[in-house]
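The stops below go from one selection to the next.

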Amino acid sequence: MDPRIPPLVTDLAAFVPVLLDSMNIRELPNCTVPPLSLNGICDVEKSPYERATALIEELTLEERYNNTIFYLSSVDTISLPSFNLWNEGLHGVASSLGVNFSDHGDYSFATSFPMPILTAAAFDDELVHSISDVIGTELRAYSNAGRAGLDVWAPNVNPFRDPRWGRGPETPGEDVFRVSQYAAAFISGLQGPPDAPIKKAIATCKHAAGYDVEDTPNNITRFSFDAKISVQDLADYYLRPFETCARDAGAGSLMCAYNSVNGVPQCADGWMQQSLIRDYWKWNKTTNYITSDCFALDVIQAAAGHNWTSSGEETLSKAMRAGTDTECGFLNRQFFPSALKQDPSLESNLDLALNRVYASLVSVGFFDPPESQPYRQIRFDAVNTPKTQALARKAATSGITLLKNLQGTLPLQIPSQKGLSVALVGDWANATIQLVGGYNGPAPYYTSPLQALSNETGVNLSPVLSLDKQEVLDAAKASDVVIYVGGIDQDVEAEQKDRTTLAWNETQTDLIKSISDLNKTFIIVQTGGGQLDDSAWLDNDGVSAILWAGYPGQEGGNAIADVLFGRVAPAGRLPVTQYPASYVSFPQTIMALRPDSETGNPGQTYQWYTGKPVLPFGYGLHYTDFNVSVEPLDNLDISKVVRECRDSGLEYLDQCPLGTIEIQVENIGKAKSDYVALAFAGGDYGPAPHPNKKLIGYQRLHDLEPGQSRTARVQVKLAQLARFDKDGNRILYPGTYQISIDTEPEKVSFEVTLTGEQAILETWPKYDRSAPL
């Protein structure tokens, strides 16, 4: 079977008319004229729950179950328009069934920012917030024209555990603290202030949980994969970002994943959806709903999926009772009538699920008078403004990461008299749509490296737009500088496509090696979201510099040129580990983070990896030098800290601030530059094995002029120092904590000692099935 197609149990052909209808331009509700105006859904004095209930009471049974899918059909008897929940907006309003782009002119494009993996490399949460704020604004412009819904199926908060995962570029990287902070910033930007009466849009954190496999060499796909995960790793890693989304950041929606975890498909996992998310994390507003991934209910039953249920009726019942309110698919529409005959009590589950979905629409003001809502006044002139273009360029330059810079090769200097001859080569030399990566919509423009470098004053450009070795070498020999732009793209890493190697391909390797033998100034601009093993180029003096540019978005070419010529100094940090190519020798389906010699698992992520990385998580060079000093934290008594935190009235003990690390940063070089202060904690506290270290905080300082000093203030909460036991409990352990600033080489470090007895900060709900230890 083609691994790209979910195994279905529904009759998809029967629903083609619904699919086609879902893509049309849609009317907006009009609560000023009957019959809709006579329904309580239009009463702004009522709560979202009451308003949704009033609407649902007017719907027939068929109208209700038909609307427990991504496309809420219109109901003519009460003038209720249709609505589409499926809207993509990972790094810009994107192509999806809910978003209707015109062929040209207005509504034919939206701002395309870098993919999240590059934005995450900036370690700048204000930047993330600004980007998602723009995405929300542009979505509103489309929604107000009937061309989009108000739900965004983003962010993707599955940690990038394994570098082979094809969807890793959609994520903020491998570290769960970084992923969680990114998620919180994205949600607040997209939805607006948490206490606002009307949300700008609805963020959907996906995919809960344990999802990071597409298709493996042994024919395990995301549709059939049963992830074996210990309770400890679930609590510490795989579910941590969803805790932030649900408990702390107030995401309006969550999406359940295709895969199973410890034998239970995630869209039928009542322990996760109800016991953990809704009960324990108190994600129980009437406006919060859970959607399935597309056809994820089908794969619960399908023989080529999980083969976990024996009928569509059983599948529907188990998923709906677990807490899946709506689906991207048609199983509910096809099987609800027969499921209801088998179990009449399902009708109450149906009404609860539908109420949550319609209440969420109330939360974004969908049924409120337009004149009372500033968001309803947004039009297409808010899309792709000079401000958003500048933000797209800033996002790309902020994430671009300098991996090598022999003898100050970069930034390039252009001689005033004769100019600079540059050979531009590589598979991305004239990249356009490749720049934006996956989950994209049409951008207003794509600035290729060729276009950007052609606009550089004093640069005499010799582009070679093929990988013909002789043409490339001829151009290189005749030039002062050779710039190779390339790496991997969505043909290699994407949804439904995992990588099998971390190595550069043979054609690229041969070409780069040949160029490096010319004794020229030679710069590699490495592209793609997942890292390639750069060992050969880092050790090769014939390669002068390496920049990682990820998927830099519509402004990608300009951003690359900005960094190459020093208009912007790079300050990005790798949000993942760059592993040696040999890393892939163990199965990708091993989910355990800790090393295990029996399975060949060398330890996963920088926290547990026992080998030597090519480049570590957090690595990044600069065009200048920094002197860093720190004001250490005081030693602390655990019982006193916990008592004071309890007395402060915080609902969640792990969110109590432990202290603030003040990091003094002085630019002692010659270039203006940003600097990202990364704080890590390591040590032998708590039970063995111990992680190498873990990120506990960060702050990006902007525009430090030569000679200028500034202070980064990194707040550390109890959560950042706590560890998890085998039952998933979060515990603060006594011991000596080694706090270090920056990575390889560390800029400065100090120790802080926590004394007294260990303290359980939270006790996880008892897991309902067997799991690996």
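Helices (H or I, at least four residues) and strands (E, at least two) are DSSP runs, numbered from the N terminus. This is a predicted model, in which local features need pLDDT of at least 70 and side-chain atom pairs count only at pLDDT 80 or more, while totals for chains, interfaces and linings use all residues. Residues are numbered from 1 along each chain as its sequence is written, and side-chain values use heavy atoms, with hydrogens and water left out.

**Two loop residues with positive phi**

Select Gln407, in the loop between β11 (401–405) and β12 (420–425). Phi of Gln407 is near 50 degrees, a positive value in a residue other than glycine. Most residues other than glycine have a negative phi, and most peptide bonds are trans. Is Gln407 buried or exposed? Its relative accessibility is 85%, so Gln407 counts as exposed. For accessibility, buried means under 20% relative accessible area, exposed over 50%, and partly exposed in between (1.4 Å probe, protein chains only).

At 45% relative accessibility, Glu744 counts as partly exposed.

**Two cis peptide bonds**

Select Ala208 and Ala209, which are joined by a cis peptide bond with omega about -5 degrees. Ala209 sits in the loop between β4 (202–208) and β5 (226–227). Then select Ala688 and Pro689: the peptide bond from Ala688 to Pro689 is cis, with omega near 0 degrees. Pro689 belongs to the loop between β20 (673–682) and β21 (694–704).

Return to strand β4 and pick Ala203. With 0% relative accessibility, Ala203 counts as buried. Show its contacts, where contact means heavy atoms within 4.5 Å. Leaving aside residues up to four places away in sequence, Ala203 touches Val152, Ala154, Ile187, Leu190, Gln191, Ala251, Gly252 and Ser253. The C-alpha atoms of Ala203 and Ser188 are separated by 8.9 Å, with the two residues 15 residues apart along the chain.

Select residues 231–238, which form helix α7; eight of the eight are buried, so α7 is largely enclosed by the rest of the structure. What covers the buried residues of α7? The cover includes α6 (176–191), α8 (240–248), β7 (260–261) and β23 (723–724).

Move to α13, residues 346–363. The expected span of a helix is 1.5 Å times one less than its number of residues. For the 18 residues of α13 this should be 26 Å, and the end C-alpha atoms are 26 Å apart, which agrees. In α13, 14 of the 18 residues are buried, so the helix is mostly covered. Gly365, which follows α13, has a positive phi near 75 degrees.

**The crossing of α14 and α19**

Finally, select residues 386–399 (α14) and 556–564 (α19), whose axes come within 9 Å and cross at roughly 50 degrees. That makes α14 oblique to α19. Axes are lines fitted to C-alpha atoms, for helices over the stretch in contact, and angles run from 0 to 180 degrees between N-to-C directions. Angles under 35 degrees count as roughly parallel, over 145 as roughly antiparallel, 65 to 115 as roughly perpendicular and the rest as oblique. Show the side chains where Arg393, Ala396 and Thr397 in α14 meet Asn558, Ala559, Asp562 and Val563 in α19.
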